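Colleague: I am new to this structure and would like to learn how to read its features. Please take them one at a time.

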Amino acid sequence: MARVDWTPWLILGLGALLRFVLLSMKPPHFDEGINGWFVDQMARTGFYRYDPTNYHGPLHFYVLFLAQTLFGRHVWALRLPVVLGSIAALWMTLRFEPLVGRKTSRLAALAMAVSPGFIFYARYAIHEVWLLCFSMLFVVGLLGLWKRGTRGYLWCVGMGVAGMILTKETYIIHIGCAAIAAGVLWVSHKITPLLDLQRARQEWDLADLATVIGVGAIAIVFFYSGTFLNMPGLRGLYQTFSTWYQTGAKGNGHEKPWPYWLELVIRYEWPVLIGFVLCLACQFFRNFAIRYLAIYGIGIFAAYSIVNYKTPWCIISIVWPFLFVFAAAVTSLSVPRKAFFIMAGAIAGFVLGALLSYPIQSSAVKDVCGWSTYLVGAVRVTLAGACTSPTCGEIGERLYTAAIVGALLGGAAGFYLGSLAAVTDELMKSVRRAATGLALLFSLSMAIWLNYFRCSTDTEPYVYVQTYNDIYRLTRPVLALAYHNPSYYGMTGHMIRTSAYPFPWILGDFPNIGYYEHNDVPGKLDADFLLVQRDRVADVEKKLHESYFTEPLTIRPYQDTSKLFLNAKTFGRFFHGDQPTFVGKPDAAPAAR
């Protein structure tokens with residue numbers, strides 16, 4: 001045991017601990033409810049029917065189906081595969097060691113292990129972790145083929161591409177940016193030569209390439225065709241792009257301004273932010289893999305910023321290259337003085353640009369706040385990683401534009417001053433160590449605060465369309481009754497409202513629960529429980545005859561509050577002798593003969 005290098009295992013253990021602890025503490029997200037419902041349909045039909053308008057590949061649903069079949073229909077089982085996928089991404093980060101060095105790969109893995117976002121979205125049963133894993137597999141394969149040329153790296157490229165195609169239509173962005181980054185790297189090499197760009201002798205042949213392509217193609221056909229039970233699903237491989245393009249351009253309710261990803265990074269991801277800024281000095285990195293990752297990361301970041309449709313969980317598949325840039329700068333034996341001043345100048349320029357952005361703001365902003373008020377608002381917006389100021393309104397887009405221009409100018413000034421200023425190596429090392437410790441400590445603190453104390457607080461930008469804890473007012477008593485007496489699985493319930501997810505999945509084992517949208521109503525309204533949309537409460541109450549305990553219940557943000565009715569006969573034990581808060585009209589007496 002003394003000969004075992006425990007550092008990688010400690011990093012993986014820390015990452016696993018932060019991802020597994022209290023995994024089911026927050027209610028199922030709306031998307032988790034949808035994904036779980038799809039898994040339930042698979043149990044009935046025998047396959048997943050791919051829909052190109054769903055914007056997601058089929059692989060995730062088969063993984064969830066396996067987990068739910070093995071471990072049961074509950075949120076812990078649904079989230080388990082994604083947690084394991086996130087741990088696999090940590091392991092993948094360590095696999096970059098032959099390309100970027102041991103210390104760099106380990107520090108990048110540690111930064112990912114304690115990242116608020118990488119932890120937060122590892123605790124959701126959504127697709128993004130698989131895109132993270134397969135994009136990393138794809139990139140490590142590309143770099144490994146150039147550096148080592150082995151068959152193993154060829155398989156990494158092939159399976160990475162196949163996995164991305166099976167996961168999400170945005171794979172096209174990652175493949176396109178990887179190709180463009182290779183061209184930019186060549187130009188970069190001509191400007192500042194790299195030390196290790198010599199291409200290795202390739203150890204694979206055309207038969208190996210054909211095998212990799214064949215396995216990837218079979219996997220794609222197998223899953224998109226619904227395990228050969230829905231062959232028309234293969235057409236979705238190309239049909240999806242027309243729908244995806246329209247959604248990406250319009251936003252469909254999820255449109256965000258271009259600085260959205262930058263706002264999230266400033267608010268939550270300080271190691272990523274340091275890596276992002278260091279990309280300005282990527283010419284000083286002599287390791288071809290780090291310089292490539294810096295260029296590729298900027299390309300991905302820019303591409304996703306252009307797309308209007310933005311949801312926060314995408315960030316984990318966008319920013320991971322910056323963790324390697326951050327780690328490489330920290331672990332390098334020495335940092336060129338010019339690179340140090342470029343970063344310092346960029347940070348100073350960013351702050352100054354943000355503070356001096358008032359002149360380029362719209363007249364609407366200038367009408368409601370003067371310069372002094374704006375300065376206060378600009379500081380708060382920048383520190384909070386937001387776009388909107390309570391006093392000045394929407395200022396983020398122009399503020400961050402000015403800040404980025406300021407960062408570029410500051411970086412240029414730092415490049416010039418770096419050859420003039422006298423700064424000792426010891427001072428630069430001290431600054432690096434302090435920045436590294438502060439960034440990692442901030443990440444860990446924010447990760448714990450977000451994931452264990454504010455995981456369903458909708459004022460947190462990462463907490464997006466998250467189901468409220470209100471749903472426990474219904475699910476806890478219903479599931480408790482069924483747990484202690486299985487006959488309660490037969491209880492009757494009416495969901496009289498639009499978009500009741502995630503209830504259809506949470507209560508999927510209860511066959512007598514009906515879902516009624518728009519003007520649909522059940523024949524008999526009295527039931528063991530009802531959840532009624534606010535604008536339909538009055539009509540429903542007129543037709544109820546039994547007694548109920550009532551409570552307001554809001555499923556998620558941007559949805560009106562419903563009224564929950566719990567039948568006093570069924571749920572009276574949970575109210576400890578309290579009187580029902582609603583008593584219906586008694587049934588009319590039968591007519592006398």
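**Cavity and aromatic pairs**

Modeller: The largest cavity holds about 40 Å³ of space. On a 1 Å grid over the protein atoms alone, a cavity is a set of points where a 1.4 Å probe fits but cannot get out; lining residues have an atom within 4 Å of a point. A volume is the space filled by probe spheres set on the points, which are joined across faces, edges and corners. This is a predicted model: local features need pLDDT of at least 70, side-chain atom pairs count only at pLDDT 80 or more, and totals for chains, interfaces and linings use all residues. Residues are numbered from 1 along each chain as its sequence is written, and side-chain values use heavy atoms, with hydrogens and water left out.

Colleague: Which residues line the largest cavity?

Modeller: Among them are Tyr50, Glu169, Gly236 and Phe241.

Colleague: How is a pair of aromatic rings described?

Modeller: By the distance of the centres and the angle of the planes. Rings of Phe, Tyr and Trp (its six-membered ring) pair if their centres lie within 6.5 Å; planes under 30 degrees apart count as stacked, over 60 as edge-to-face and the rest as tilted. The whole structure has 42 aromatic pairs. For Phe38 and Tyr48, the ring centres are 5.7 Å apart and the planes at 90°, so this pair is edge-to-face.

Colleague: Is Tyr48 buried or exposed?

Modeller: Tyr48 is buried, at 1% relative accessibility. Buried means under 20% relative accessible area, exposed over 50%, partly exposed in between (1.4 Å probe, protein chains only).

Conventions:
On a 1 Å grid over the protein atoms alone, a cavity is a set of points where a 1.4 Å probe fits but cannot get out, and a pocket is an open set with protein on both sides within 12 Å along at least five of seven lines; lining residues have an atom within 4 Å of a point.
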